[in-house]
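Dear colleague,

I am passing on the structure that follows, together with notes on what I found in it. Please read the notes with the coordinates open beside you.

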Amino acid sequence: MKSKVQTSIRQSTPSLGRWGRSTVSSSPISIPGGGGGGGTSSGAGTSPEYGSGMSPPHSPNSPPPIPPRPVIRQSSFTKIGYMINTAVNGTKKQFISSSGGGSGNGDTSWCFSQIKGALDDDVTDADIISCVEFNHDGELLATGDKGGRVVIFQRDPASKSSNPRRGEYNVYSTFQSHEPEFDYLKSLEIEEKINKIRWLKRKNQSHFLLSTNDKTIKLWKVSERDKRVEGYNTREDNGSIRDPSSISALRVPSIKPMDLMVEASPRRIFANAHTYHINSISVNSDQETYLSADDLRLNLWHLEITDQSFNIVDIKPANMEELTEVITAAEFHPTECNVFVYSSSKGTIRLCDMRSSALCDRHAKLFEEPEDVDITNKSFFREIISSISDVKLSNTGRYMISRDYLSIKVWDLHMETKPIETYPVHEYLRTKLCSLYENDCIFDKFECCWNGNDSSIMTGSYNNFFRVFDRNSKKDVTLEASRDIIKPKTVLKPRKVCTGGKRKKDEISVDCLDFNKKILHTAWHPLENIIAVAATNNLFIFQDKF
């Protein structure tokens, strides 16, 4: 048992290095009055000038020497706890300083910054945004749509240097990531819709991202080119091959400047590994591997190997009639490369450790809310609305959020029995579940996200509403991504839904909500209070009001 504990602590040591050293001094304790204040002790009551058990002389007029205090040694777990607190507080300070204020997001006034996409009422299905993702420093923002296109926006340099800072983005690159395909063996059409986009951390001048549709994952390289080579010996400047017999002298190629061109090229294609539709991809903290999840399996990939993956979770029963749940989302831990979580349609979240076994069918932790014993609260829709549509680990790795149909929950990875916080998203829809079942809205998959310092969370709702919850002040606000406010710096007004009785002036009745307008995909800038909200074919960008 002792060796296991030592191994666990030793394996955790590299990840602790990023938190820095403890601020508690590790130098020996100085004893007042000893050695003129310059000596240090190797133990309690010992100084270089006076041996152990001896007291330094003092005059009758001087105050008596202070008795030495025993040295209290920190245990390794105390140090780990201190480091975690230092890391969390340091992240908060960094986020607050870059955001330009220390107030909670419950008190933040959000204002309109930009809207991307056509403003026409005639929306084609291919233009509907299906995923939104900031990169690790927030300089780039990528969106994918049902037409298989990826659009990358870049932060406007002028908006960063302006006072106050503005959250404005310009189109950086657009490319076709996936094309529609047809599986002839199964007589199945494969949509080009982009299900997920995940950025890799930047290592050089180029950017890399993963994009996936239902079956195929692609690794894209996005790079800039502002120079071209002229004066080749074997081909003309237009690219045509020169006749070798016409070459009478050798030329030295020269590099000439050109207009900036952004190129997107597929570097790897990972295919033929999923029988069912891919719903999640997540890059590991080692930046060398990633996982992909479909309804029944999780696969582990190496970014350099396209023809081989390892199946690490398989919940497919021998008899498909015995199937009781499916995988809905999966994500790697942000710092521990051996830990990942995945959620299910039964409302459970499983945490797995890849060090335990090659096949992680046996979870290390199971996060599940205790079942309500009150029979009156049980309904036909209970299992449907308890299905988890998204799960996200916090930036520090201590917490995670899960989104079901009516609420969003915050879990502590140290406590499996129940969530530490529960926030109702649109509780007023509980009485409308029958009609939501009939129009299939009850099966909508809402995503959720953290802010940079894990103090706030955001998720979407219907009628183009989205919700922001402040964990510190316990305040929440309902905002609307509407074309009526598309004027720069327009402050968003909080919206309220009236469930019955007399409706106030600024409220909207629950019967008037438009369920065709829904916010399924949201993203929060990792360092600033800038949020991106996908509303059908439009991308809204909001920022806090300075």
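A residue is called buried here when its relative accessible area is under 20%, exposed when it is over 50%, and partly exposed in between, using a 1.4 Å probe and protein chains only. By that rule Asn529 counts as buried, because its relative accessibility is 5%. Asn529 is placed in the loop between β30 (521-524) and β31 (530-535), where helices (H or I, at least four residues) and strands (E, at least two) are DSSP runs numbered from the N terminus. Its C-alpha atom is separated by 8.4 Å from that of Phe542, which is 13 residues apart from Asn529 along the chain.

Before going further, please note that this is a predicted model, in which local features need pLDDT of at least 70 and side-chain atom pairs count only at pLDDT 80 or more, while totals for chains, interfaces and linings use all residues. Residues are numbered from 1 along each chain as its sequence is written, and side-chain values use heavy atoms, with hydrogens and water left out.

Turning to the strands, two of them pair in what follows if DSSP finds at least two bridges between them. An open sheet of 4 strands has the order β2-β3-β4-β5, and its pairing is antiparallel. Its edge strands, each of which pairs on one side only, are β2 (129-134) and β5 (169-176). On average, neighbouring strands of this sheet are turned by 20° against each other, direction ignored; the axes are lines fitted to C-alpha atoms (for helices over the stretch in contact), and angles run from 0 to 180 degrees between N-to-C directions. Within the sheet, β4 (residues 149-155) and β5 are joined in the antiparallel sense over 7 bridges, and Val151 has Thr174 of β5 as its bridge partner.

Strand β18 (residues 349-353) is mostly covered, with 5 of its 5 residues buried. Ile349, Leu351 and Asp353 point one way from β18, whereas Arg350 and Cys352 point the other way. On one side, β17 (residues 339-344) pairs with β18 in the antiparallel sense over 5 bridges, and Tyr342 stands opposite Arg350. The hairpin of β17 and β18 has 4 residues between the strands, and in it Gly347 takes a positive phi near 85°. Strand β18 is also joined to β19 by 3 bridges, again antiparallel, and here Arg350 stands opposite Leu366.

Positive phi values near 65° are taken by Asp454 in the hairpin of β24 and β25, which has 5 residues between the strands, and by Asn463 in the hairpin of β25 and β26, which has 4.

Finally, Phe380, Tyr437 and Phe443 form a nonpolar surface patch with about 330 Å² of accessible area together. Patches are made of residues with over 30% relative accessible area and no salt bridge, like charges being joined within 9 Å and nonpolar side chains (Val, Leu, Ile, Met, Phe, Trp, Tyr) within 5 Å; a salt bridge is a side-chain nitrogen of Lys or Arg within 4 Å of a carboxyl oxygen of Asp or Glu. Areas come from the Shrake-Rupley method with a 1.4 Å probe, and for residues only the protein chains shown count as cover. Phe380 lies in the loop between β19 (365-367) and α4 (382-386), and it counts as exposed because its relative accessibility is 60%.

With best wishes
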